[in-house]
Amino acid sequence: MNLFENIKIFIEIVDSGSFTQAAENLQIHRPAVTKALQQLEQESGVRLLQRTTRRINLTSEGEEFYRRSKPLLAQADDLLDSFAPERPLHGQLRIDMPIAFARQIVVPKLPAFYQDHPDLEIILSSSDVRRDLLRDGLDCVLRMGALDDGDYVARKLADIRITTCASPAYIAQHGMPQTLEDLQHHQGVNWINSNSRQVMPWRFQHEAGIEEISIPGKLILDNSEVYIAAGIAGLGLLQGMNFFLQPYIDSGQLVEVLPDFPCPTRRLSLLYPHRHLSHKVRVFAEWLEGLIVELR
């Protein structure tokens, strides 16, 4: 058990980025964190961390140890859960998801989730930049659209409807597009992939299949909340997830355009970094699926 406890402390040091923060998160004394790492390095026979006065860095052996030990701990925890299915969720769950999804969908519903799981601590990062599961110490990531190759398992949650729209002020000034060809005479608020730094094409479904179009535009964004704000301000056409845009359509701040040219749906997936799905991630995934069902 000391070995498992030392591994848990090592993982927390890496995830939190400091000995002091690891001690605070685990509610133990700072010297106990140092001692646990020393014992682990002695047991393994290698140096796991390079420590300076300002930061810590994983050694190459430390990176490999971290990569292999994190799923091991998750499996050990899930093993106990399998023999005690009524055991309350506990510990930490580290999640990353898009900003708009966190703010509009997940966070407003978290009070109800905590009522069922009061002993679970959620560390929720929200970003429209794709993060690395292992490097950033995440248990799971919510991701929209096509998935890159990587050391993870993807659990499909839903196919999300995509809507094209614009503000009434934009339509009054530029007119309502009637065909896909009309889009070349309009302005789009374009979205850039923060990882590839490529502007994303606009996609439409019609009888001949899926067509990808580049729409002229003077504004390129990588933040979902700013993206919606730009559309409401009349800076151009938008194309995004319907359940984020529909409230603004219902209120009259946005108007759907090109309804005869629907957009192909986009896949919403939950990614986790190994093939053993931990009990905490499984419960959270099922809860997320319930939220999505309510939205569709």
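I began with Cys165 and looked up its partner across the sheet: in β13, the residue bridged to Cys165 is Glu256. Since this is a predicted model, I keep in mind that every value below is computed from predicted positions. Strand β7, residues 162–166, is joined to β13 by 2 bridges, and the two strands run antiparallel.

I then asked in which order the strands of this sheet stand. The sheet is open and has 3 strands, in the order β12-β7-β13, with antiparallel pairing. At the edges stand β12 (238–241) and β13 (255–256), each of which has a single partner strand, so one side of each is left without a neighbour in the sheet. Helix α9 packs on this sheet, where it touches β7, β12 and β13, and its direction makes about 120 degrees with that of β12.

**Strand β3**

Next I turned to strand β3, residues 91–97, and found that 6 of its 7 residues are buried, so the strand is largely enclosed by the rest of the structure. With strand β4 (residues 120–126), β3 pairs in the parallel sense over 7 bridges, and I noted that Gln92 has Glu121 as its bridge partner in β4. With strand β5 (residues 140–144), the pairing of β3 is also parallel, over 2 bridges, and here Asp96 has Val141 as its bridge partner in β5.

**Aromatic pairs**

I searched the whole structure for aromatic pairs, and the search gave 9. One that I followed up is Phe101 with Phe243, an edge-to-face pair with 6.0 Å centre to centre and 75 degrees between the planes. Phe101 belongs to helix α5 (residues 99–106) and Phe243 to helix α9 (residues 242–250), so this pair ties together parts that lie 142 residues apart in sequence.

Because Trp191 lies in strand β8 (residues 189–191) and Tyr227 in helix α8 (residues 224–232), the pair ties together parts 36 residues apart in sequence. Trp191 counts as partly exposed, at 25% relative accessibility, whereas Tyr227 is buried, at 7%. I also noted a cluster in which ring pairs link Phe113, Tyr114, Phe284 and Trp287.

**Helix α8**

**Nonpolar cores**

Which members of the largest nonpolar core touch the most other members? Of its 59 residues, these are Phe101, Phe284 and Leu288. Helix α10 (residues 279–295) gives this core its largest share, 8 residues. For Leu288 I set aside the neighbours within four places in sequence, and the remaining contacts are Phe101, Val106, Leu142, Leu157 and Leu270. Another core, of 18 residues, lies apart from the largest one, and among its members are Ile9, Ile11, Ala22 and Ile56. As background I wrote down that nonpolar side chains tend to be buried together in soluble globular proteins.

Methods
Residues numbered from 1 in each chain as written. Predicted model: local features only at pLDDT ≥ 70, side-chain atom pairs only at ≥ 80, totals over all residues. Heavy atoms only, no water. Phe/Tyr/Trp six-rings, centres within 6.5 Å; stacked < 30°, edge-to-face > 60°. Helix = DSSP H or I, 4+ residues; strand = E, 2+ residues; numbered from the N terminus. Buried < 20%, exposed > 50% of the residue type's maximum accessible area, 1.4 Å probe, protein only. Pairing = 2+ DSSP bridges. Contact = heavy atoms within 4.5 Å. Axes fitted to C-alpha atoms, helices over the stretch in contact; angles between N-to-C directions. Core = buried A, V, L, I, M, F, W, Y, C linked by side-chain atoms within 4.5 Å.
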